[in-house]
Amino acid sequence: MDEAALRELATVLARLAPLLPPAHSEPDWTARAFRWRRRQYLGVHLGRLEAVRHVASIAAADLQHVDTQKAALLANTEQFVRGLPANNALLTGARGTGKSSLIRACLEHFADEGLRLIEVDKHDLVDLPDIVTQVAARPERFIVFCDDLSFEEGESSYKALKAVLDGSVAAASENVLIYATSNRRHLMPEYMRENLAATYQDDGEIHPAETVEEKVSLSERFGLWLSFYPFRQDDYLDIVGHWLRHLGASDAQVESSRTEALQFALQRGSRSGRVGLQFARDFAGRHGLRRPHARQR
C-alpha cells in the first residue's frame with residue numbers, strides 16, 4: 001500500500017474513532033462517587049461508570065428541621081455499611097426540603113467506612129442490572145441514587161427498577177441499595193379515569209383497576225418511606241440563620257435579615273431549605289461576608 005493510501009486510511013480511521021466505544025477500563029475505585037453515563041455508538045447504547053472528582057458534599061448537621069427523616073435514613077445506611085439488613089429508601093415530599101441533600105449527607109457521613117454513591121438518571125435505569133453486576137464483587141457498599149424520580153406511561157426503565165428492587169429471578173447484590181427522591185409518592189401519574197374503571201360489588205367492596213395497582217406496586221417495593229413537608233415560617237428563618245452563621249454572619253446580622261428573608265421567600269413562593277440557602281448566599285454576597293470552603297447544597 002502506497003503512502004497516499006495509508007494517509008487516506010488514517011484519515012478514515014480518525015473520523016470513525018469518535019463513533020466507536022472507548023476501550024474497556026476499570027473505573028477509578030478510589031473515588032467516593034460515580035455517575036452512570038450512557039452513550040450511543042453506531043446505534044448501540046453502552047453505559048459505563050465514571051468517577052466524580054469533585055463531590056458536592058454536605059454534613060448531616062447542616063440539614064435543619066428534618067430530624068426524624070435524618071435519623072431514620074442515617075440508621076438505615078449505618079446498618080447497610082455494617083453488612084446488616086437494610087432497606088431501599090424512597091424520599092418524597094415538598095421540593096427544596098433536603099431530600100437529595102440528606103442522601104449526599106449519608107455519603108459524607110459514611111464514606112470513610114466504605115460507602116460509595118452511584119448517581120443514575122431515571123432514563124438510564126434500564127441499565128440497573130448491569131450496574132449491580134459491575135459492582136457486585138467490590139468490597140465497598142454502593143448506594144444507587146436516582147434524584148427526582150418519576151415515570152410517565154410506557155417508560156421501560158419503570159419495569160427495570162421494579163425488577164431490581166424486588167421481583168427478579170436473580171438475587172439482588174448484598175452490597176447495593178437504591179435511594180430515590182421524588183415529588184410523587186407513587187412515582188407515576190394517576191388519572192381520574194382509572195378510578196372510574198373500578199368495579200363495585202353488592203357488599204360495597206371496591207376493587208381498584210389493575211392499572212392503579214400496578215402503579216402503587218413500585219413505591220411499595222421500597223422498604224423505607226420518608227416524607228418531607230413544607231417548612232413553617234419559624235423553621236425557614238432558623239434555616240436562614242444557620243446558613244448565614246455558616247457564611248460568617250454575626251447574630252446581629254442574622255436578626256436584621258429576617259424581614260428580607262421572608263420577602264425573598266415570598267417572591268419565590270416557597271419557604272424551603274433551598275430558598276433559605278439561596279437567600280443566605282445573596283445576603284452574604286451583598287454584605288461582603290466571606291467564609292472559605294463553604295459547603296454547597
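Let me begin with the largest nonpolar core, which has 48 residues; Leu73, Leu91, Tyr236, Leu244 and Phe279 touch the most other members. By a nonpolar core I mean a set of buried Ala, Val, Leu, Ile, Met, Phe, Trp, Tyr and Cys residues joined through side-chain atoms within 4.5 Å. Buried means under 20% relative accessible area, exposed over 50%, and partly exposed in between, with a 1.4 Å probe and protein chains only. Apart from this core lies another, of 25 residues, among them Trp36, Val144, Val176 and Ile178.

A word on the source: this is a predicted model, in which local features need pLDDT of at least 70 and side-chain atom pairs count only at pLDDT 80 or more, while totals for chains, interfaces and linings use all residues. Residues are numbered from 1 along each chain as its sequence is written, and side-chain values use heavy atoms, with hydrogens and water left out.

What does leucine 244 touch, not counting residues up to four places away in sequence? Its contacts are Ala249, Val254, Ser257, Phe279, Ala280 and Phe283, a contact being heavy atoms within 4.5 Å.

I turn now to strand E3. Helices (H or I, at least four residues) and strands (E, at least two) are DSSP runs, numbered from the N terminus. E3 spans residues 89-93, and four of its five residues are buried. Two strands pair if DSSP finds at least two bridges between them. E3 runs parallel to strand E6 (residues 176-182), joined by four bridges, and leucine 90 stands opposite alanine 180 there. With strand E9 (residues 224-228), E3 pairs over five bridges, also in the parallel sense; leucine 91 has leucine 226 as its bridge partner in E9.

Next, arginine 141, in strand E5. Is this arginine buried or exposed? Arginine 141 counts as buried because its relative accessibility is 10%. Its side chain reaches the backbone oxygen of phenylalanine 80 at 3.0 Å. Beyond its neighbours within four places in sequence, arginine 141 is in contact with residues including Phe80, Gly114, Arg116 and Glu174.

Finally, two loop residues. Histidine 65, between strand E2 (44-51) and helix H2 (67-81), has a positive phi of about 60 degrees although it is not a glycine. Aspartate 148, between strand E5 (141-146) and helix H5 (156-165), likewise is not a glycine, yet has a positive phi of about 55 degrees.

Technical notes. A polar contact is a pair of N or O atoms within 3.5 Å; within protein, one must be able to donate a hydrogen and the other to accept it, and residues adjacent in sequence count only if both atoms are side-chain atoms.
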